[in-house]
Amino acid sequence: MAVNLVNTSISTKVLHFKPGGSPASFEVTVINESNQFASFQLEIIAAGGSSSLGSNWYNIFPAVSAKNPPGDITKFYVTITDTPVAGFIGKMNLIVRIFSLELRDEDRQLLRLVVEEGIDSIPIKVELPLREFSAQPETLIEIPVEVFNTSQKPTTVTLKLCGTEPQWLLDGSERLIQVAAGAKAETSFLCQLPIAESVPSKAYPFTIEATHLNGMPSRSPEGIIKVLPGGLIDFQCIPEKQYIPASRPWLPQWWTNSAIYQLEFKNASNLNQQMHVEVRKGEEEQPKCFLDVQPETIDIQPGETKDLQLLVSRRRRWFGVAQKFSFRVKALASDKRLNINNENQFLQLTIHPVLHPWLQLLLGILLLYILWAVSWLNPANPLFGHHRSVTSVQFNGVGDRAVSGSQDQSIIRWNLAGFTNPLINQQDGKIAKDIGKSVRVVRYKPVDNNIVAAGLENGEIQLWSVLSGTKKPIATFIEAKADRVLALEFSQDSRYLFSGHGSGQVVQWNVNNTLLGNDPSIAKVNSQSVNFSVYGLALVGDERDNLVIGGRYNNLEVWNFKQNKLWKLPYNPPGSQNDYIVSLSSAVYKPNLLATSDNQGQISLWDMELCLNNKKAKCQDIDHWSDGHGGKAVRSVAISDNGCYLVSGGDDNRVMLWPLTKEGKRAVTNGIVVRSALQRFNSVDVKVVKDKVLIISGNDNTEVMLDIQDLDTNSYCKK
């Protein structure tokens, strides 16, 4: 005779339960009749039980008993929370199954469950057979919904789809369905996704809310509509053909050397994109042109249309016939999942000579004579100077010489006396020419003024001797290839040179060690990354150990290179990706006075003393104005060594002089117009020599110009 190893008893044989009311419970006592340790589990079985409920209509505690020794007693507490059969009223048998995995034996007890008529407030159960939908824009999606009426009465259920845009739903966001007692009903919602630019690619959660007259509202589990990437980027160039000059080529418009193409991007997709272009010449043998894309990249949101500008410039020939150039412009996107419509655009440019052919014969002899005469009086006249835009100018410490750098890959040293006396050469000679890349910035070594540092487009920093006449730089520093050098600044003792780069890197170089013959590759002392393109550097403070850094997004930061600490300064207005602080300058004898300018046309004067001594303090904004250059970009500012004068140059094609008060404010509101030209000024510098103010400037018209002003009576330096 088999021995029963599991001995079970239950606390009641008949149990009453009212759906929607209080739960019904009973106890199960289990005795281990074996001769070993064993654990026990319970299972309740109801014939005809709802598959949708599974075992969710009752709770058992504990779920599994601990292992008990022979003869030990375990008690389970069972709570009935729902009817096993939806809509059922009456009596049903429940089988209480008790089993042990260790003993491989089980026992069963019979329990009579009396299901009474329930309370009306039983929630409706709402399920989503499919909870995740992935679709392209403009796709039609059918969202099925199942409704379970677990009550004992039929009901009318209102379903509402919540979380999506109402206009996406073709037949509205509500459904009204009849559900019989204990039954299931099905329906669906039709969702039509809009066009790509109106529906960004991401996950859109939604739920189904159910309400009915017989109970509390309920809500389905969360569903998700995943909108996949879709749409395209439409690219076009306006116009495809350009001419220099744009009209009336028979007029000698010698100042016109550039053409602008509008590169238009329309984001007809549902992804944010960062766009830029790659420009290549159509034919390898055609002459070189200077190509500049501004800004380099743009962020474009779905549905937006934005432009880049492609500036093509080339110094025009005075004689000959028209030159034809071709370019291929390829649009590139940061996200490769989308196609670009008209990805490649082919542009044409026709450049006419300055003199129309019928004028060339008439003026040729006269022009040659003038060139000969001028070159005889002054062999270093501007016709033998730079041949492309002048990017940077600076006086030496004495104020009798100046240096300039240009996109024509040359560095020229100028004799300032030659600007006022035609019998004296303007040029002391080219320090460097054809050095491989455009020169972005030049700076004199303050001590002795015998070295010029040049920052190049390809990331090189070259040191040139202004006296030796060497054909090669005496030293070259490289932080990273192709990382444009946009700013340079020497320390006052000339021991260190600081460089600012397009990548956001700021590097401190030990120049003295290199000039003593040490390897330039170990000249790097320290560096900081500021995460924005650096366009301006200036040393400030009494100890000159604080480097102010300005650049893209109107960012202004201070780096104490001795303590290697970096902190940000507030700048108003804060900038977007197209906003730049483009120039910084400080006064040698007033080290806390700083000037800044940006491409929105604002010039600001700061007292840095408070924010250098206390990094939590704000820098004192002494003065600022945005109307000095007609609201156009101010490309360069410079303060005289004594802090008495500020000079600025910008996109309004003017150079302005601003006498300053002792406190560092403008002495006159409107400033003094020093020079006007036909093209923008990229760089200016100022030097006070005896009773004169010397101003040097360089512009896009390849010119380096000197202006001399008397000391202004409004400046405190005159008083």
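Cys-611 is buried, and Cys-619 is buried too. Buried stands for under 20% relative accessible area, exposed for over 50%, and partly exposed for the range in between (1.4 Å probe, protein chains only). This is a predicted model, in which local features need pLDDT of at least 70 and side-chain atom pairs pLDDT 80 or more, while totals for chains, interfaces and linings use all residues. Numbering runs from 1 along each chain as its sequence is written, and side-chain values use heavy atoms, without hydrogens and water.

## Cysteines

Cys-611 and Cys-619 are joined by a disulfide, with 1.9 Å from S to S. A disulfide here is a pair of cysteine sulfur atoms within 2.5 Å. The search of the whole structure turns up one such link. The bond between Cys-611 and Cys-619 is right-handed, with 95 degrees about S-S.

Cys-191 is buried, at 0% relative accessibility. Cys-237 has a relative accessible area of 5%, so it is buried.

## Aromatic pairs

A pair of aromatic rings is described by the distance of the centres and the angle of the planes. Rings of Phe, Tyr and Trp (its six-membered ring) pair if their centres lie within 6.5 Å; planes under 30 degrees apart are stacked, over 60 edge-to-face, and the rest tilted. The count by this rule is 13 aromatic pairs.

Phe-235 and Phe-265 are stacked, because their ring centres are 4.8 Å apart and their planes meet at 20 degrees. This pair links distant parts of the chain: Phe-235 sits in strand 18 (residues 231-238) and Phe-265 in strand 20, 30 residues apart. Strands are DSSP runs (E, at least two residues) and helices are runs of H or I (at least four residues), numbered from the N terminus. Phe-235 is buried at 0% relative accessibility. Phe-265 is likewise buried at 0%.

Tyr-571 and Trp-606 make a tilted pair, 6.1 Å centre to centre with 35 degrees between the planes. Tyr-571 lies in the loop between strand 43 (565-569) and strand 44 (581-586), and Trp-606 in strand 46 (residues 603-607), so the pair ties together parts 35 residues apart in sequence. Both Tyr-571 and Trp-606 are buried. Elsewhere, ring pairs link Tyr-496, Phe-498, Trp-559 and Phe-561 into a cluster.

## Salt bridges

Side chains of opposite charge can pair when their charged atoms come close. A salt bridge needs a side-chain nitrogen of Lys or Arg within 4 Å of a carboxyl oxygen of Asp or Glu. The count by this rule is 26 salt bridges. The table lists some of them.

| Pair | N to O distance |
|---|---|
| Arg-280 and Glu-278 | 3.4 Å |
| Arg-635 and Asp-651 | 2.8 Å |
| Asp-707 and Arg-675 | 2.9 Å |

Arg-280 is partly exposed, at 47% relative accessible area.

Arg-635 forms a salt bridge with Asp-651. Arg-635 lies in strand 48 (residues 634-639) and Asp-651 in the loop between strand 49 (645-650) and strand 50 (654-659), so this pair ties together parts 16 residues apart in sequence. Arg-635 is partly exposed, with a relative accessible area of 26%.

Asp-707 forms a salt bridge with Arg-675. Asp-707 is in strand 54 (residues 704-710) and Arg-675 in strand 51 (residues 672-676), so the bridge ties together parts 32 residues apart in sequence. Is Asp-707 buried or partly exposed? At 11% relative accessibility, Asp-707 counts as buried. Arg-675 is partly exposed, at 25%. Salt bridges with shared partners also join Glu-43, Arg-97, Glu-106 and Arg-108 into one network.

Residues 634-658 are 68% strand and 0% helix, and their end C-alpha atoms lie 14 Å apart.
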